[in-house]
Structures are given as C-alpha cells and as structure tokens.
Amino acid sequence: MRDVAVVAFAQAPNVRRDSDRNEVEILMPVLHEVREKVGLERDDIDFVVHGSTDFQAGMPFSFVGALDAYGAWPPINESHVEMDGAWALYEAWVKLQTGEIDTALAFAYGKGSPGDLVDVLRLQLDPYLVFPLGIDPIGMAAIQCRAYLEGVGRTEADMASVAVRDRRNGMTNPCAQVTGEFTVEGLLAEPMFVSPLRRHDCPPISDGACAVILAAGDRARDLVEHPAWVVGIDHRIEAPGLGMRDLTVSESTRIAAEKANASGTFDVAELHAPFTHQSLILEDTLGIDAAVTQVNPSGGALAANPFMVAGLTRIGEAAQRVLDGAAGRALAHATSGPCLQQNLVCVLEAREG
Amino acid sequence: MTEHSLTASHVVEYDYTRSLGPVLSHFVTGLRDRVVRGTRTKSGRVIVPPLEFDPDTYEDLGADALVDVGEAGVVTSWAWVHEPRPSHPLDQPFAWVLVQLDGADTPLLHALDAGGEDAVSTGMRVQVRWAQDRVGGIRDIACFEPEGAS
Amino acid sequence: MSGATDTGDTDAPADLVTGIVVPIHVEYEYTAGEAASRFLSHIPERRLVGQRHGDHGLVYVPPRGSDPANGEPTDQDVELTDQGTVTTFCIVNVPFAGQAVECPYVCAQILLDGADITFQALIQEAEVSQIHPGMRVEAVWVDDPEPTLESIRYFRPSGEPDATPESYKDHM
C-alpha cells in the first residue's frame, strides 16, 4: 500500500440557515483556506472529488455548479459522489493508491435550509414499499432506538449523556452550531419528540461545507510536520430494509473497522452519529473505552450535521488532532443512509503504516 | 453589497412511474386482494416484504418462492409520533411499527393506529386494517391496529 | 397499472399490478447569494451589471459568486448595456408542457457588450429566418421591472449593422 495522509482540513461555520450565501459562496472560502494551509495552488492538486446531493439543493446538476467554487478551467481531473464527502475522500484515497496522482482534494457541501430536510431525506428510502408509507428518517431512527434500548438494556439517560458530552465538547469548536452546558436531568425533563427520541437525541439541521487535502508519501512529508497517515480505511453497507437488519448493532461498522484494522486504543474518536443512541451503538461496536479515548472532541454530528458533509468533517476533525501533534492515533467514522445503513471507518496515525 | 440575499420559492415535483418486477408485482397484487406474501428462502426463512433473491445464497428466487403469511403478528419495535407530518399515513398521533406477521421470520415496517402511546408495547399483537380502496401498493394496508380491534 | 406481460411468469393473473406511480413533491426557498442578489438589485433600474474578480478578470453575467475558471470571488461590478450580439441560436419547433411562447421561436446566446460570457434569452419581433450570428439585439423590458430576470421579456433586433465575426469569435 502507498502511504497516504491527510495534510489539511478546513470547514465553514455551521449554521441553521445561511441567508446571505448560496452553496458556491459558502464553499469558496473553505476551498481557499484548505489550500492556503499547505501552500498549494490549484495546479498543484492532481484530483478533485466532492460529495453532495442535488435533492438537498433542489437543483438538478447542482454538483456541477459547485465546481465554480473551485475553478474548473482549463478542465480539471474531477469526480463526484452522491454520498457524504467521506466517500469522496475514499475515492481520492483509492486514486492515490493507484499511483496516478500524488495530491487530492475531497470536499463536501450541504445546505439543509432551502428545503424541508426531513422530506428531502425521505427521498433516499426504498421508493416501492417504504417511501409511500410517508415515514421519515427520524421515525426510522426512533424504531432503531427502541430496538437498541430494549435489546441491550441501555436507557434514555445514557442517550442524554451523549448529548451532554457532544454539546459540551462543541463549546470549544468555533464551527459548531448547537453547544452549551446541559445536564442529563434537564434534558430528560424535555418532552418526547418521536418517542423514544427527544429533540436533543436528534441532529440539528445545518448549512455547511468542509474540505480535506490528501497527499502521498514524500509529498505529504514535505507539506506538513505531522501528516495524519491513513493507515486503514474501509466501508460496508447493509440491506436497506429495516426488517432485514439487527438494529441493536452495526454489523457494517464492525466489518469496516476490522478491515481498517481499527483495533487497539485511540487518543481520539470522531463518530458520525446523528442520533444519540447511534453513538452508543457505534461506541459498543468499535469497543471504544471513554477512559482512554476522547469521543467527539468537535461536538460530533449532534453539534452540527450538514447533510453530506458531517462524515467528511469527522475525518477532518480527527486528522486535525494528528496534524496538530495532539493525537498519535485517531479513529474517524462516517455514516450514510437511515439507521446507520452504510458505514466508513478510517484510522489515522502520526506514524505511517 | 446588498443587506440580505434575495430568495425565491421553488417546488420540485416528479411523478415517477416504477416497474415492480416479477416479485413485488405479486406482493402488491396480493395486498390488493387482502393477502400478505413473503419469500421463502432456501433455508426456509420467510422474508416479508418479499425479495427477488435469497439473502443467504444470492440465488434468484422469483415469484415461485412466494408464500402467504398471516395478517396478524407481533410488534418487534416501535416509535410514537406525537405530531404527524403531512406525509404520514395517519392524522392523529400513531406508532411506526415493525410487525413480524404470523408465518414470517422478518418484520414489516408500517404504521399502527393504537389510540395512545400507553397502548403500544413491544410484543403486542396487531392485525392489518385494510384500506377501503385497494389499488396494489403498500398503502393497501391502511395501517395496523391492536388485534381484536375490529 | 395492470398486465402480465413483463413479469416473466406464466401463472400470473391477468390483472397483476406491475407498476406504481410514486409522486414526489419537495418545496424549497432558494437563497440567491450575495453576488446574484447584487446583480438582481440593479434590474429594477433596467441595468445589467456584470461581475469580475479583480481588475482584469473575465466579466460574468449573470454572476453566481465566483469566477468559475479559478474559483475566485467576483468582487467587482462592471456596468454593461442591455445591448449585445447574437453568437449562436436555435429555433424551437417542438412544443412542451408549460411553454410560454408560440412555436417556432428563437432561443439565442447573446454576448452583452462588455461581457465575457454569453447570456441566454429569447428573440422576438423578428422573422425566425432572419436571425443570424452577429445580429445586434437589444433588451425589451417589462413595464415595471422587479429584481428577477423575468423583467427582460426578450431581445429584439436593434437595427444596428452586424458585429464583425472577430468581435465574438472567442465567445461561440
């Protein structure tokens, strides 16, 4: 395997509604910032790939327009995934492995505010037998949540403690959206939203964007002092039908972690868990010991969850701790689809594999 | 620079016409005729709603593997919707449910009209409430209701 | 939708349901963004104001916030006129749902004077057969222009002599 590292990460401030800027205008400063961090010009980037969905923007081929934020003339080597940007990073990593390129930019944007995001997210469901029911991903997550709580014996208080942790952590993240000091008792006193979920168990709706630069071998060593080497990365998917899955575990995360060699201890773990119970499922599945691993120092997806972006942000946040010299080994996770349908696990280390 | 960006309303609407294929065609036709069907896999498991393939062996199973299952069953998990959204199948508070029908080995996702959250529990028995006008689709099941409710 | 033709099994009932219609409906409230809002804010004054990055960037109209060639913000306004040159065009003969204009009609790319990219618009008040590259055209505005491109009803021939091919050959 070729040594490949994250060398730079940048993100836009996450907000509920950016009323002043369109998607290109949100992205443009992020794409400038990420290049400036490592002093790369546009010509120095060998491959550009991004993740987004046109249904969120409400504009067919909006992903083509998003390239205006980067600049695509003369034509560039470019690709797009209708997935969270974490999967764009995966494509970039694969292309780096081929040896065809030495640097790549993966970015993602998601403006949840123009449409009704709950209705937009319904469009990813099976169109034959599930979409016509009118169910939305919050209802599906609530079903998963009850199956997990009753199956494993965890409680709503355990879930609230995840929200308390992530919102507190978010206070140190200037790009976070929902932050502050809360107590488990205070959160449990709030009314139910879609039982057994309360609002604090659900992610905020966000407008945001982020970008990551990957570089191979000596190129990475030349660009930064502490490259965040991608020593393992894998993603797996499960059946779309909820009835076909064991909702109390995340089998796809387990296998992806195994393939990415995500065993042993980590200084930091950034988990893309849009719902509190999903964080518990992921922590169980990944065997994370909160005594040695700091979970979601950024505040995670409960502090800001730009759709199609938040997974790549987890990789960026985890990598940033390695780039800063603060962490020697970091775990990043990204998810896509309802109820943790598809999961990506990425292991980042200060030392190359 | 303008003070605030201009905004404009826009509606995206598509009437997608979808082919159901050899298995789901029989499934929704069964619902129209008040019968729920599943797929019997090579190992003998019954999957509801049916699949075109065997999830264990990936063999093509087709319509020949379809079997009828009961129209009553057990709730395996659920969620209570306090405030229904416009897309939801019921106007009053209701439960989303996974229901394992009698004779099935996997649960079906649908809605349960139970009156109140206190009336719902994992393990409770429920039955299909058929829609008055059935055309061949998942909404031919209007929803589920507690067993013996009608 | 019924019919047993495409299921492939011979025992299928004649009234087998083989398809479903699944309508989707999503409502959006778009934000035009800083650059487009600035451009549109001049429309009620019947002004077309393009934008460029720096003093030497290409002039885009309508602007969308960035110079799409290099990803730099279009931070300078450039006053244009509402006159330009047809670079290329098509004649629409096929009616479609929601069509506002009678067939045949002309949809043209127009290079506004001072702009570096062409602008798509209808051409009316001219015989379809007379329209050609190089033809000079001018905007016809609605009576009370609002901050929307619909305030330009269409373009029409201005009567000026044709532009030289040299003046628009790089914008085809």
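In chain A of this predicted model, helix H7 (residues 156–170) packs against helix H11 (residues 276–286) at an angle of about 95°, and the axes are 8 Å apart. Axes are lines fitted to C-alpha atoms, for helices over the stretch in contact, and angles run from 0 to 180 degrees between N-to-C directions. H7(A) and H11(A) are therefore roughly perpendicular to each other (65 to 115 degrees; under 35 is roughly parallel, over 145 roughly antiparallel, the rest oblique). Helices are DSSP runs of H or I with at least four residues, strands runs of E with at least two, numbered from the N terminus.

The residues that meet (C-beta atoms, placed from the backbone, within 7 Å) are as follows.

| Helix | Residues in the contact |
|---|---|
| H7(A) | A:Asp158, A:Met159, A:Val162, A:Ala163 |
| H11(A) | A:Thr276, A:His277, A:Ser279, A:Leu280 |

They divide into four nonpolar, three polar and one charged. Ala, Val, Leu, Ile, Met, Phe, Trp, Tyr, Cys and Pro count as nonpolar, Asp, Glu, Lys and Arg as charged, and the others, Gly among them, as polar.

Between chains C and B, 29 residues of chain C contact 26 residues of chain B. On the chain C side, strand S1 (19–31) and helix H1 (34–41) each supply at least two residues; S1(C) gives the most, with 13 residues. That side has 14 nonpolar, nine polar and six charged residues.

S1(C) also pairs with strand S1 (residues 7–19) of chain B in the antiparallel sense, over 13 bridges (pairing requires at least two DSSP bridges). In this pairing, B:Thr17 stands opposite C:Val21.

Residues are numbered from 1 along each chain as its sequence is written, and chains are lettered from A and ligands numbered from 1 in the order in which they are written. Local features need pLDDT of at least 70 and side-chain atom pairs count only at pLDDT 80 or more, while totals for chains, interfaces and linings use all residues.

Notes
Contact = placed C-beta atoms within 7 Å.
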